[in-house]
Amino acid sequence: MNKPSQDRIYSSVQPRSDFVFDDRVAEVFTDMINRSVPGYATIISMIGVLADRYCTHGSCVYDLGCSLGGAAMSMAHHIHHHDYQLIAVDNSPAMIDRFQAALNSSPPPLPITLQCADLCETEIRDASVVVLNFTLQFIAPERREALMQRICQGMRPGGILILSEKIRLPDMAMNELLIDMYHQFKQVQGYSELEISQKRSALENVLIPETLESHKSRLLAAGFRTADTWFQCFNFASMIAIK
Ligand code: GEK
């Protein structure tokens, strides 16, 4: 496999505009997400482990906001039986085209179907595993409740939702401390102050974080039996919710 191209998108001064998942981002996405999300590799591999534990025979598995398919590929490699369908959805053609090309060139064929669509319009049915790995944060807050209800309704009892998000802390001082530590983490990953501040402004209106408490109460209100955090590093967390 080729080494992923390095993310240098914000290394020089850029005109101020909102972040979009276009071709330029898709090209460097693997490097970008690995250097921007603390614990990304751990979360991806544990999604595979959890999917293997919860994926039941004849069920559907969804990766919503799949990008280049990190979570979908991990699940396909970990689930030990073949009696399931994995549906990976993203509304960025640049991401879906690259993911499809990677699938085409990776024998043996994996049971993954790609859909270039808005996940808020995607039918969720007979699901035992649903993954939203750093995707809900890009959905307008007023659409999140209905989406969670629809996901829960489309799941089998006992099925699992894995929800990873950048989060906001309820205590302002703690929130600022964790954001600051996160920026230090990005510096250690080789991002300059210019890159960190330009990316932060580009994401300001696009990525809307919420507290873990808000996520948990929305999950329970949507019909999940239980929900809790299984991973957190600074202001990044992953939750599991069980129907
Ligand atoms: C991973 N899960 O590597 N419908 C479909 N896709 C969407 C929508 C929408 N309404 N809004 C945003 N996306 C991946 C990482 S990245 C996270 C997910 C990040 C897609 C968007 O096109 C992008 O590919 C993805 O959600 C978010 O495990 O970049 O921080």
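Author: Before we name any strand, a word on terms: helices (H or I, at least four residues) and strands (E, at least two) are DSSP runs, numbered from the N terminus. Please also keep in mind that this is a predicted model.

Reader: Fine. Then where does Asn133 lie?
Author: Asn133 belongs to strand E4, which covers residues 127–133, and this residue is also listed with Tyr40, Gly65, Ser67 and Asp90 as the closest to the ligand.

Reader: Is Asn133 buried or exposed?
Author: Asn133 counts as buried, because its relative accessibility is 10% and the cut-off for that class is under 20%.

Reader: And which side chain does Asn133 have a polar contact with?
Author: The partner is Ser164, whose side chain is joined to that of Asn133 by a polar contact of 2.6 Å.

Reader: Back to the ligand, then: how many residues surround it?
Author: The ligand is surrounded by 21 residues, and by class that shell holds 12 nonpolar, 7 polar and 2 charged residues.

Reader: Which N or O atom in a side chain is 2.6 Å from an oxygen atom of the ligand?
Author: That atom is in the side chain of Asp90, at 2.6 Å from the ligand oxygen. On the backbone side, an N or O atom of Gly65 lies 2.8 Å from a nitrogen atom of the ligand, while a backbone N or O atom of Asn91 is found 3.2 Å from a ligand nitrogen.

Reader: How much of the ligand's accessible area does the protein cover?
Author: On its own the ligand has 660 Å² of accessible area, and the protein covers 93% of that.

Reader: Changing topic: what lines the second largest pocket?
Author: Its lining has 16 residues, and those nearest the centre are Tyr10, Gln14, Pro15, Ser17 and Ala202. Helix H7 (193–203) and H1 each give two or more residues to this lining, with H7 supplying the largest share, 4 residues.

Reader: What about its volume and the classes of its residues?
Author: The space in the second largest pocket is about 250 Å³, and its lining divides into 7 nonpolar, 5 polar and 4 charged residues.

Reader: How many cavities of 30 Å³ or more are there?
Author: A search of the whole structure gives 1 cavity of 30 Å³ or more, and the volume of the largest cavity is about 30 Å³.

Reader: Which residues line the largest cavity?
Author: Asp7, Tyr10, Lys186, Tyr191, Glu195 and Lys199 form the lining of the largest cavity, and these divide into 2 nonpolar, no polar and 4 charged residues.

Reader: Last topic: where is Pro141, and how accessible is it?
Author: Pro141 sits in helix H5, residues 141–153, and counts as partly exposed because its relative accessibility is 36%. From C-alpha to C-alpha, Pro141 is 9.0 Å from Glu210 in space, although 69 residues separate them in sequence.

Reader: And Met155, buried or exposed?
Author: Met155, in strand E5 (residues 155–166), has a relative accessibility of 4% and therefore counts as buried. Met155 and Glu145 are 10 residues apart in sequence, and their C-alpha atoms are 16 Å apart in space.

Terms used
Residues are numbered from 1 along each chain as its sequence is written. This is a predicted model: local features need pLDDT of at least 70, side-chain atom pairs count only at pLDDT 80 or more; totals for chains, interfaces and linings use all residues. Side-chain values use heavy atoms; hydrogens and water are left out. A residue is near a molecule or strand if one of its heavy atoms lies within 4 Å of it. A polar contact is a pair of N or O atoms within 3.5 Å; within protein, one must be able to donate a hydrogen and the other to accept it, and residues adjacent in sequence count only if both atoms are side-chain atoms. Accessible areas come from the Shrake-Rupley method with a 1.4 Å probe; for residues, only the protein chains shown count as cover. Ala, Val, Leu, Ile, Met, Phe, Trp, Tyr, Cys and Pro count as nonpolar, Asp, Glu, Lys and Arg as charged, and the others, Gly among them, as polar. On a 1 Å grid over the protein atoms alone, a cavity is a set of points where a 1.4 Å probe fits but cannot get out, and a pocket is an open set with protein on both sides within 12 Å along at least five of seven lines; lining residues have an atom within 4 Å of a point. Grid points are joined across faces, edges and corners, and a volume is the space filled by probe spheres set on the points. Buried means under 20% relative accessible area, exposed over 50%, partly exposed in between (1.4 Å probe, protein chains only).
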